[in-house]
Amino acid sequence: MGRIPQTQKQSWLELPTHYASCRCANHTWLSLRSEQWREIVNKKIHFPHELISAIQESNMALVESLLYGGEGIIRQLDDSEDRLWREALNLSIRLGSEETMAALLRGVKFDFRQIHEALLVAVDTNQPRVVKLLLDRLDQEKGNKMDVRSFSTAIFDSSIDASQFAPGVTPLTLACQEDLYEIVILLTQRGHVISPPHPISCSCLECRNARQYDLLKFSLSRINTYRGIASRAYLSITSEDAILRAFHLSSELRKLSKKEQEFKPQYLALEQLCQEYAVELLGMCRNQSEVSTVLNYGEETSDEELDEQTFEEGIPNLALIRLAITYNQKQFVTHPICQQVLSSIWCGSLSGWRGSKTTWKLLVSFGIFVTMPLLCLIYWIAPKSRIGRTLKIPVIKFLLHSASYMWFLIILLAESIFMETHRNDIASRTQHILHNSLHMIWVVGFFWFECKEVWIEGLRTYLLDWWNILDMLVLSMYLASFTLRILIVLKGYFLCQDPSAKDLCDYFTNTARENWRQEDPQLIAEVLFAVTSMLSFTRLAYILPAHESLGTLQISIGKMIDDMMRFLFILMIIGTAFLCGINNIYVPYVMSPHLGRLNETFSFLFWTMFGESKQDYVDLSDYVLAGFVGTALYGIYTLIIVIVLLNMLIAMITNSFQKIENDADVEWKFARSKLYLSYFREGLTMPVPFNIIPSHKTLLHAMRSVFRRHTMGSPDHPPGTSVSGSNLNQSEGQGEGRMPYRLQVIKALVQRYIGAAHREFEETKNNDVGYRITELNNVVGRLDSEMKKVYEKLQHRRSTTSPELESSSILSNYIIGAMNNFHNFDKKEASRGRGAGLQIIMHHKEGKEERKEGKVRKQGGSVSEEALSPVCHTNNKTSDK
């Protein structure tokens, strides 16, 4: 190592001397020679055991004497005593003694980790002033290579293992978890952020090292980080669109609960917290204008995209409600504000529909059912007429589509009756292709309706609804059945034209049903038609959520079917096991006519579940061992399947039904909201099968698109901007650098929410007796400290007065006065005297008067003047003596 230049060495020696002399000027300490600083700097200060008691007693003189020791330099700490120094600093913060904390920070050089833990204590005790002081001290540590804002290396720091705070808890995270808005604002202004954790499947170097070092710390750090991100304070202060951010975070937490099932309750609790926050923020709306602004613009989309997504003319977009349904935000969708908006749009201009009687509603529905063809014809001819505008109202549109589907079901029933009356023709090859084909007109209309839904909603959104998947399945089976019937007719016609295929021609035209092959296309077509007819009637359950009682039952049945699907998986495993075992026992014995073949054994065991058990099937009188084992297995099968599993299925179904009943209102309103939104869309007014006929609007759009394509493709006319696009550009130019109106409304809602939370916190704090007692104890301790200081200064001036008598009289009278006035302690009254000082008048024996004025401060308020009066009177009496 090189030698230090003489000039630098001299300046290094002079700096401590100058600093020591400055400290001596303030604290009357003796200056040290420059030769003594070398020895002092290299020493590390040891923890004095009297420091804890001095901090508890607020003895500043003893604290300063223990810390500085007359040398006046900040010393390094001994690593073995790190925990003791942390406890001393944390104790001073918990006691609310800012002077003691400042003395510790002046006299001892705490490193970043110790200051960080002290900052956590200050946040935990809700002391914004102390947090600000510690943040100022942290700014001095920015030269270190650590991240002073996120403390991301806490997982690899073993010194925090003895701390009371879990890994991953930063000051901002802790403040957010406790919803301390003032401290959160202070920390965010200083640049503190909460970095979102990496995905659980992340394989970056940081995540791999954290998992290998300590997996528990890594998981706890992720949980604590998400607790901070999902808190109300962090969402309110750091999010530009708090409601939208709450939706995305709720969806993310729900996915994490499925991936990290070890912490599933914690993630679900945070997900519920995000839902409640969005609901509470929506409840801050004060007028319909704010509600419309919040609900009608959910995602960052342009105006042109919103025009494509709009509903019928006069119906708002309701993008936020649609997004809430996508993210399964049931509490938000079922909020009274959202339900009021949906109900008002659902009834439209028919304001008396909601209050009308059920008899009148049934009468109107029957009238629409009977006159459906006439109404559709009127709408097709004059869509802008009074009747046409009435048919666009969502509730009338719903009745119109329901009437169309009822006609479809009636046609299916009529075709079934026709098949029964013309059994001979249906069972042979002589049936006509138009037999039982009237329903195909509705099938084509349904197919075109589903295509338009995919075009409007998008394929991904379309597939998220299970009803749409059922519709695709049913329509596919209808089309497959009709296609197979056409295939038989065409194949028979073309084969008969070929003389070499006489046998095949005879098979597809004249062969009796008994001679048909098992894979015959007509047999498959009949089976498909039977299954789709059954599924078509179950599709009627889609409209049940329009009624409260029927909608609740429909939701309960859906949950029960979900339970049955899980139950069938367990039943399949157990049933297959017994099927294999019992069948293998009876295979070698030919004398058993009902067992020993797989299909017969399966049929026997299947019907046993429904009580049709026949014990003589398993008896083998000639073979005792095989008969005994077979009977035992059959008995165990009956015990497990009939008694255990079936009763478990009943319990599961009962539990699901009870859950729905306990939350029936929310579940029904959520299902009804999805039904409402499906009838708000534009372009789906005409019901099936009249939607096949092109309307005037469709023809107009087609002609406009052809004309626009021809104009855009012409070399004489360069590409131009549409009217809506120019308006969009103009609006963007005018609003550049200005916050959108919706974000302004969201910001106003957040400010109201923060104000309401602050008022609620203050009311809770004022009503808390323990808090009031704690505040009073702090005031008493600070007053006692002030009195001790006054007494120490008066000792030098009043040599004739007995110190013990004066001290006892002052403290005893003060304590008695504080106890007598404790029942009148009130924070509001105490806050009035916050600026008032405590005046103590003393007389010297020479006759001179001196007045000392001191201020008594506390964090939450100040003590009343009545509690201080005994002390002042006592001092006056003592001075008169």
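Modeller: Start with burial: buried means under 20% relative accessible area, exposed over 50%, partly exposed in between (1.4 Å probe, protein chains only). This is a predicted model: local features need pLDDT of at least 70, side-chain atom pairs pLDDT 80 or more, while totals for chains, interfaces and linings use all residues. Numbering runs from 1 along each chain as its sequence is written, and side-chain values use heavy atoms, without hydrogens and water.

Biologist: How many residues of α20 are buried?

Modeller: Helices are DSSP runs (H or I, at least four residues), numbered from the N terminus. In α20, 9 of the 12 residues are buried, so the rest of the structure largely encloses this helix. Among them are Ile 337, Leu 342 and Trp 346.

Biologist: Which helices do the buried residues of α20 pack against?

Modeller: Contact means heavy atoms within 4.5 Å. The partners include α15 (264-282), α24 (394-421) and α34 (664-678). Just after α20, Gly 348 has a positive phi of about 60 degrees.

Biologist: Is Thr 125 buried or partly exposed?

Modeller: Thr 125 is partly exposed, at 25% relative accessible area. It sits in the loop between α7 (112-124) and α8 (128-139). Leaving out residues up to four places away in sequence, Thr 125 touches Ile 93 and Arg 94.

Biologist: Which backbone oxygens does the side chain of Thr 125 approach?

Modeller: That of Val 121 lies 2.9 Å from a polar atom of the Thr 125 side chain. The backbone oxygen of Ala 122 is reached at 3.2 Å.

Methods:
Helix = DSSP H or I, 4+ residues; strand = E, 2+ residues; numbered from the N terminus. Polar contact = N/O pair within 3.5 Å; in protein donor to acceptor, adjacent residues only side chain to side chain.
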